[in-house]
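Here are my notebook entries from a friendly look around this model.

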Amino acid sequence: MNQQLLQQRLREPFTGVEVEGLPQAYKGKVRDSFILGEKRIIVTTDRVSAFDSVLGTIPYKGQVLSQLANWWFTKTQDIVGNHLLTELHPNAVLVSEAQPIPIEVVVRAYLTGSSKTALWTLYERGEEGVYGLSLPPGLKKNTKLESPVVTPTTKDESDTPLSETQILEQGLLTDELWSQVKDTALRLFQRGQELAAQAGLILVDTKYEFGLLQGELILIDEIHTPDSSRYWVAGSEENALPLHQDKEVLRLWLVEQGFRGEGKAPAIPDDLALKLAGHYVDTFERLTGQTLEPPKEDLVNILRGVKI
Ligand SMILES: Nc1ncnc2c1ncn2[C@@H]1O[C@H](COP(=O)(O)OP(=O)(O)OP(=O)(O)O)[C@@H](O)[C@H]1O
Ligand SMILES: [Mg+2]
């Protein structure tokens, strides 16, 4: 995708849609969902959130997230089923409505991150025990862990870290379902690392959301996108600052401006929005081997015609 298209989208950002005849959208930070009984339409917009606030838009981010998640869904369906039924448009999918399980399942291969639940943040304070982990002292930021670890959090606003013991004692999941979730997440992550490596990238960490569909565990929401994952350029992991291909670039800039989620967020400058767009598009293109093409058909027209 060329710079001109990105610049044009910067001037005309894609922030969402309203469609006559469809129910009022449930607006998440990034996605608008139209819930139609057993199915839902998910429209992924260019909205960007960091530290839990929506801060603006990144050109073509919605399309990258939607199409890249669809690519990963097909590459992992032998491991676990997923919610995808049909790609309606580069920004929109028809999916099965699932009953979400009440935890977010994060898998990490490196000791890194900057948010309050990041393993590095907690390790620095000697608090990685909140995930039921115990790591040797003296490790440096960005160290590769011996093997990937699962660090779940609650799915509510608070994003509270959880240990396996808490998940079971609080009855969030049964023993059997938790074992299945943990095992599935680690297998998905291994597939993610293998395919990322073939594209010259490192899948550093990621977050999965699972749901139940007629009693079966399935993957919902998104998978291995640069919003839900950290990707580093392979070879740069030895640098003091590995080269990021994901949202961490924005988080690091916000922290530099003194913003970690409290008070008024600074506006994202155009050059940063374009740089981020470049990273998102590049991650899509490297992984899939395809060129990101702008949509050919109008989203509202397509959504008006959806037959359930
Ligand atoms: N197949 C599905 N069935 C039910 N819920 C789903 C499905 N796929 C995604 N979701 C939910 O839809 C929402 C997607 O919207 P988005 O990613 O913008 O939300 P968010 O900002 O992560 O969270 P919030 O909705 O709390 O603002 C998430 O809450 C996700 O759990
Ligand atoms: Mg989300």
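How far is an oxygen atom of ligand 1 from an N or O atom in the side chain of E209? I looked it up: the distance is 2.5 Å.

A note on the ground rules. I am working with a predicted model, where local features need pLDDT of at least 70, side-chain atom pairs count only at pLDDT 80 or more, and totals for chains, interfaces and linings use all residues. Residues are numbered from 1 along each chain as its sequence is written, chains are lettered from A and ligands numbered from 1 in the order in which they are written, and side-chain values use heavy atoms, with hydrogens and water left out.

**Entry: ligand 1.** I went on to the other oxygen distances. An N or O atom in the side chain of Y26 is 2.4 Å from an oxygen atom of the ligand. K29 takes part through its backbone, with an N or O atom 3.0 Å from a ligand oxygen. I then checked the cover: on its own, ligand 1 has 610 Å² of accessible area (Shrake-Rupley method, 1.4 Å probe), and the protein covers 84% of that. Strands β3 (39-44) and β7 (92-96) are the elements that give two or more residues to the shell; strands here are DSSP E runs of at least two residues, and helices are H or I runs of at least four, numbered from the N terminus.

I found 16 residues around the ligand, near meaning that a heavy atom lies within 4 Å. Those that come nearest are Y26, V30, R31, K155 and E209. By class I noted six nonpolar, three polar and seven charged residues; Asp, Glu, Lys and Arg count as charged, Ala, Val, Leu, Ile, Met, Phe, Trp, Tyr, Cys and Pro as nonpolar, and the others, Gly among them, as polar. Domain 1 (3-97 + 265-304) and domain 2 (100-248) each supply at least three shell residues, with bounds from an automatic or database domain assignment.

Entry: S33 sits in strand β2 (residues 31-36) and is buried, at 5% relative accessibility. Its side chain makes a polar contact with the side chain of R40 at 3.0 Å (N or O atoms within 3.5 Å; within protein, one able to donate a hydrogen and the other to accept it, and residues adjacent in sequence count only if both atoms are side-chain atoms). G132, in the loop between α3 (119-124) and β10 (143-150), is exposed at 58%.

Conventions: Buried means under 20% relative accessible area, exposed over 50%, partly exposed in between (1.4 Å probe, protein chains only).
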